[in-house]
Amino acid sequence: EIHAEVQLKNYGKFLEEYASQLKRIEDALDDSVGDVWDFSLDPIALKLLPYEQSSLLELIKTENKVLNKVITVYAALCCEIKKLKYEAETKFYNGLLFYGEGATDSSMVEGDCQIQMGRFVSFLQELSCFVTRCYEVVVNVVHQLAVLYTSNK
């Protein structure tokens, strides 16, 4: 019985030391875990976002048909706003942010500014159409909110 207690105490010490050793290893690896993945060198990435197979209209179904229509309109407007935000971030932010960068006035040859601006005109035309579309969506959202707020039904 004494021998069993000694073995049990030794086993308890071993487990405590092993747990502390694992904790030290985990702490040491915690700082370098981010260094393992290199986006430019590793060709495969895992996308862990869930994929929703049901459509928006299937998720909105309720017994009240008027409520279904209202929610469908707002959901469609939210989707449109999300698409516009994505388009702005991917297509227009960088062009506006970095236009004219990298060249100084003294290093540019006569006429380079005009050529650079000429190439930028098509981008500005697309941006103008995008801003017009954003304006139309915002006006639609405001109209829909106003109708919902003032509606007696």
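Select Glu89 to begin: Glu89 is partly exposed, with a relative accessible area of 35%. Here, partly exposed covers the range between buried (under 20% relative accessible area) and exposed (over 50%), computed with a 1.4 Å probe on protein chains only. The structure is a predicted model, in which local features need pLDDT of at least 70 and side-chain atom pairs count only at pLDDT 80 or more, while totals for chains, interfaces and linings use all residues. Residues are numbered from 1 along each chain as its sequence is written, and side-chain values use heavy atoms, with hydrogens and water left out.

Glu89 forms a salt bridge with Lys85, and their closest N and O atoms are 3.0 Å apart. A salt bridge is counted when a side-chain nitrogen of Lys or Arg lies within 4 Å of a carboxyl oxygen of Asp or Glu. Both Glu89 and Lys85 lie in helix 3, four residues apart, about one turn of the helix.

Now colour by secondary structure. The protein chain has four helices and zero strands, and from the N terminus on its elements run α-α-α-α. Helices (H or I, at least four residues) and strands (E, at least two) are DSSP runs, numbered from the N terminus.

Move to Glu80 and Arg133. These residues form a salt bridge whose closest N and O atoms are 3.1 Å apart. The pair links distant parts of the chain, with Glu80 in helix 3 (residues 65-98) and Arg133 in helix 4 (residues 112-150), 53 residues apart. Glu80 counts as partly exposed at 23% relative accessibility, and Arg133 is partly exposed as well, at 36%.

Arg133 forms a salt bridge with Glu136, the closest N and O atoms being 3.5 Å apart. Both residues lie in helix 4, three residues apart, about one turn of the helix. Glu136 counts as partly exposed at 42% relative accessibility. Through shared partners, salt bridges join Glu80, Arg133 and Glu136 into one network. The count of salt bridges comes to four.

From Glu80, turn to Val137. Val137 touches Glu80, Ile81 and Leu84, not counting residues up to four places away in sequence; contact means heavy atoms within 4.5 Å.

Select its ten residues: Leu77, Leu84, Ala88, Phe92, Phe120, Phe123, Leu127, Phe130, Val137 and Val141. Such a core is a set of buried Ala, Val, Leu, Ile, Met, Phe, Trp, Tyr and Cys residues joined through side-chain atoms within 4.5 Å. Helix 3 and helix 4 each supply at least two residues of this core, and the largest share, six residues, comes from helix 4.

Then go to Phe14, in helix 1 (residues 2-36). Phe14 counts as partly exposed at 47% relative accessibility. Select Tyr11, Phe14, Leu15, Tyr18, Leu22, Ile25 and Leu29, which make a nonpolar surface patch of about 700 Å². Patches are made of residues with over 30% relative accessible area and no salt bridge: like charges are joined within 9 Å, and nonpolar side chains (Val, Leu, Ile, Met, Phe, Trp, Tyr) within 5 Å.

Finally, display the whole surface. The accessible surface of the protein chain comes to about 13900 Å², of which 62% belongs to carbon and sulfur atoms. Accessible areas come from the Shrake-Rupley method with a 1.4 Å probe; for residues, only the protein chains shown count as cover. Buried residues make up 8% of the 153 residues in the protein chain.
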